[in-house]
Amino acid sequence: MKAYPHRHLLGIEELSPEHVQTILDTADGLREVLDRPIKKVPALRGKTVVNLFYEPSTRTRASFEVAEKVLSADSLSITTATSSVQKGETLLDTARNLEAMNPDMIVIRHSSSGAPHFLARHCRSAIVNAGDGAHEHPTQALLDALTLRQKKGRLKGLRVAIVGDLLHSRVMRSNVWLLTKMGADVVLCAPPTLVPPGIEALAPVTHRIDEAVEGADAVMMLRIQRERMTGGFYPSDREYHLRFGLTAARAARAKKDVLILHPGPMNRGVEIASEVADGPYSVILDQVTNGVAVRMAVLYLLLGGSAEAVA
Amino acid sequence: MKERVLLKGGRVVDPSQGIDEPLDVLLDSGVVEALGKASAKGAEVIDVSGLVVCPGFIDLHVHLREPGREDKETIATGTRAAAAGGFTAVCAMPNTEPVNDQAGITRFILDRARAEGAVRVYPIGAITKGSMGEEIAEYGDLREAGCVAVSDDGRPVASARVFRRALEYAKAFDLTVIDHCEEPTLAQGASMNEGPVATLLGLRGNPSAGEAMIVERDVLLADLTGGKVHVAHLSTALGAEAVRRGKARGVRVTAEATPHHMLLTDSLVKESGYDTSTKMNPPLRSESDREALLEALRDGTVDCIATDHAPHAVDDKKCEYDLAAFGIVGLETAVALCLDRLVGAGVVDLPRLVALLSTNPARVLGLPGGTLAPGSPADVTVLDLARKVKVDPARFESRGRNSPFGGWSLKGGPAMTLVGGRVVFTA
Amino acid sequence: MSHPAGYLVRQELMDRERLARTLARMAHEIVERHPDMAGAALVGVRTRGVPLALRLAGLVKAACGVAPPVGALDITLYRDDLTMIAPHPVMKGTDIGFSIDHRTVVLVDDVLFTGRTVRAALDELVDFGRPARIELAVLVDRGHRELPIRADYVGKSLTTSRDDVVQVMLREEDGQDRVVLLEKERARSAAGKGRKKPVGRRRGTGSRKKGKGK
């Protein structure tokens, strides 16, 4: 096996298919730890990880924290609500103060695209992107892929529809990179006002959800990010649900064993009908377990080894 | 230094007179005395053999930041940067704090420039009071105090009605109206060019159509009013096309382009990993826009090259990309970039470059200079076409370090700058 | 299967038959100590401890009629040298499908060397429960212990130089049954000089890290 060469995880875009494979395989190997009577292994004992969250996040932060604890890393979480961030301290000053504690890794969630790159340039620690602006959310895409692979046995050749607010979605960007790298057929669907220009270079775009869902092995629903909606991208939640929401009737156009994924939190009755969200094809709970396994794999690969070659 | 200076042995390139030949240049008492064989008697002789002697370069678009943001730049440091970059005159944009919308501020700038300036400073007044886009400023007073044009640069004049009044009223004082062409609602929240790169980076984009539609509007209004409009930092193919058509119709429209828009594209934002020294407004555009801009430079649609020198304090740039200030410094890199990447690359020849940097800017705003004709100001830029330049922002005279060109190796650069017959810079 | 680069075979330790005889003897020793195998289990240490444990279980069953349960232990996450090694070992996961509480667990590995692998395995094992007793079975004990650990069942003991490698090949993993002693290719000058070097552990060296030989 080749060494995992990256020092940071800033996005899926820069990973090769082999590196994606390595992360997923490692996550598969690590998932078993979560079923043990004592869910703790000493792999990262003595390592310090700082979770620096500038945006509210329950599941991603909790998932990283659990992964860190399972691997015995010492971790510390800082969120906007409890830090000096609200006193107007710059990102760089905050990061430098944290660096004084000599962490091995900083996991960052930030509303500005590129904030993890900025830290990677100015800090010594390994940087993991836990979601930056509308850029990428690599661990979310990895956990989605792990779930798909687990349920379908493969990624190559799967037909995956990604539906919803493409414009503001970092989850979409990471997923498109990952799935297309791994040979899945991705189709994107949104009202034209929520399609970022040029995205069709990565995957075909349709504005008809029926067309997108037709024959799909998996449908990934993206959250309508109301907090980022500054100016009438669609006329009303009612019309959005009617024209672009995933209803049971639409879900029935997909393959019988279709998987429905949603990065959460959901706007029930807008992008997804409750009956679908709670339906039999929903794998939202598997996503939670896989989220921890994927983050364990990332921590393990970035912190568990050095770049030195074996003699 | 003596009042009489003889620049001996150089190649004179002066497109205003159609000259490109070896000639000596005699300067006396702040004006050009003679070209060609002149008596060197009593003159200090400066050997410029192997060098190119041009009429002084004029930058129509510079942010000197004083008054108000002396942490970013001052008239002293900005004009030293200009001298080091080969410019003998700069036009100072009015978006200072306070905005240069009154004669008192114009006079303050000129007083500071006289006291500390290394090169000539021509203030530009505001189009509207406070550059708020609502009421036009006192152009009569501004003109009398020394303003050479009006502009609300940094922001567009959103209201067509206000812009029309500005064009009309400015005619009374023969002022050109310089517009920052950007449709504000389309550019809201944007930090780079709209397109595939912005999509991949997850940054909000500023569409090229937003520039073009305001250029179109301004051309139509200049046509309607008979006023003179100058398009600042043209950056798009569509915008260039609008200027080209306006010129063909005989509308009084001129345009400038910056070295960065002609040499860089939005892909640099990605390649640099969100380096904030790639963030400016208008943003770096697509490759097809860049090529169209070079074509506009060749065919005369673009009248001059200006830097949009926009120095910032380190903290304004050392932060998240979408929170970083817009703008890059340009005075100390422009000439070397143009010599290497425009003349060296065969986009334009040297006489055309000198026209773009000297003769045309002088003509666009009716400034003195832009020529070495006897009797004109003894403002001279001497170029060394062989000089190796390694761009090192840490060594800039400017307070700003925000340049995307750091580390670039270029061939050719300014060798000497003379203002009013005095040497203000030697490489 | 080839040998690690830079190593030569110095001695053939076991061929297929010899290996089979050795395992049969070890199985008998296990049964001798635990006549009915009640409450006993075998746990192999990945990678080659697992097929060895499976074979021993088969031999035990043949000897006493009871097949003990077999588990697999992936000690990667318990290694004390994780940050010193690269590339990352592939995680194959631990798989112990039975409770180890109150059982006698026979830990099975191919080569006993420094004892650090066994230390990690013991640490991991006790995180799964509280066995009544833990024993250790190894195919080859090559000495050079760095921890107070000894094996209860040993296929073969031998004296090695620290730089040597004991390579165990099993048909399940490697397509053939064979055990060899490898030595480092040395520069022609002053043969044996290298052996007098201090034996401090060096980062990134030693085949332990490859999971191939020990």
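Me: Which chains share the most contacts?
Reply: Chains A and C do, out of the two pairs of chains in contact. Keep in mind that this is a predicted model.

Me: And how far apart are the nearest C-alpha atoms of chain B and chain C?
Reply: They are 28 Å apart, and the two chains do not touch.

Me: How many residues are in contact between chain B and chain A?
Reply: On the chain B side there are 16 residues, in contact with 20 residues of chain A. Helix 6 of chain B, residues 196–201, gives the most to that side of chain B, with three residues.

Me: What's the split into nonpolar, polar and charged on the side of chain B that touches chain A?
Reply: Seven are nonpolar, five are polar and four are charged.

Me: Switching to chain A. How many helices and strands does chain A have?
Reply: Eleven helices and nine strands.

Me: What radius of gyration does chain A have, and what would a compact globule have?
Reply: Chain A has 19 Å, and this agrees with a compact globule because one of 311 residues would have a radius of gyration near 19 Å. Along the principal axes, the C-alpha atoms of chain A fill a box of roughly 55 × 45 × 35 Å.

Me: What share of chain A is buried?
Reply: Buried residues are 49% of the 311 in chain A.

Me: What about contacts in chain A between residues 24 or more positions apart?
Reply: Those account for 76% of the chain A contacts with a separation of 6 or more.

Me: Back to chain B. What is the order of the strands in the open sheet?
Reply: The order is 8-9-10, three strands with parallel pairing. Strand 8 (57–62) and strand 10 (120–123) of chain B are the edge strands, each pairing on one side only. On average, neighbouring strands in this sheet are turned by 20 degrees against each other, direction ignored.

Me: How many bridges are there between strand 8 and strand 9 of chain B?
Reply: Four, in the parallel sense, with strand 9 covering residues 87–92 of chain B. B:Phe57 stands opposite B:Phe87, which is in strand 9 of chain B.

Me: Which strands does helix 1 of chain B lie across?
Reply: Helix 1 (residues 75–84) lies across strand 8, strand 9 and strand 10 of chain B, and runs at about 135 degrees to strand 9 of chain B. Helix 14 of chain B, residues 350–365, also packs on the sheet, where it touches strand 8 and strand 9 of chain B. The direction of helix 14 makes about 55 degrees with that of strand 8 of chain B.

Definitions and conventions. Residues are numbered from 1 along each chain as its sequence is written. Chains are lettered from A and ligands numbered from 1 in the order in which they are written. This is a predicted model: local features need pLDDT of at least 70, side-chain atom pairs count only at pLDDT 80 or more; totals for chains, interfaces and linings use all residues. Two residues are in contact if their C-beta atoms, placed from the backbone, lie within 7 Å. Helices (H or I, at least four residues) and strands (E, at least two) are DSSP runs, numbered from the N terminus. Ala, Val, Leu, Ile, Met, Phe, Trp, Tyr, Cys and Pro count as nonpolar, Asp, Glu, Lys and Arg as charged, and the others, Gly among them, as polar. Two strands pair if DSSP finds at least two bridges between them. Axes are lines fitted to C-alpha atoms, for helices over the stretch in contact, and angles run from 0 to 180 degrees between N-to-C directions. The radius of gyration is taken over C-alpha atoms; the globule rule is 2.2 Å times the number of residues to the power 0.38. A residue is buried if 20 or more other C-beta atoms lie within 10 Å of its own, exposed if 12 or fewer, and partly exposed in between; C-beta atoms are placed from the backbone.
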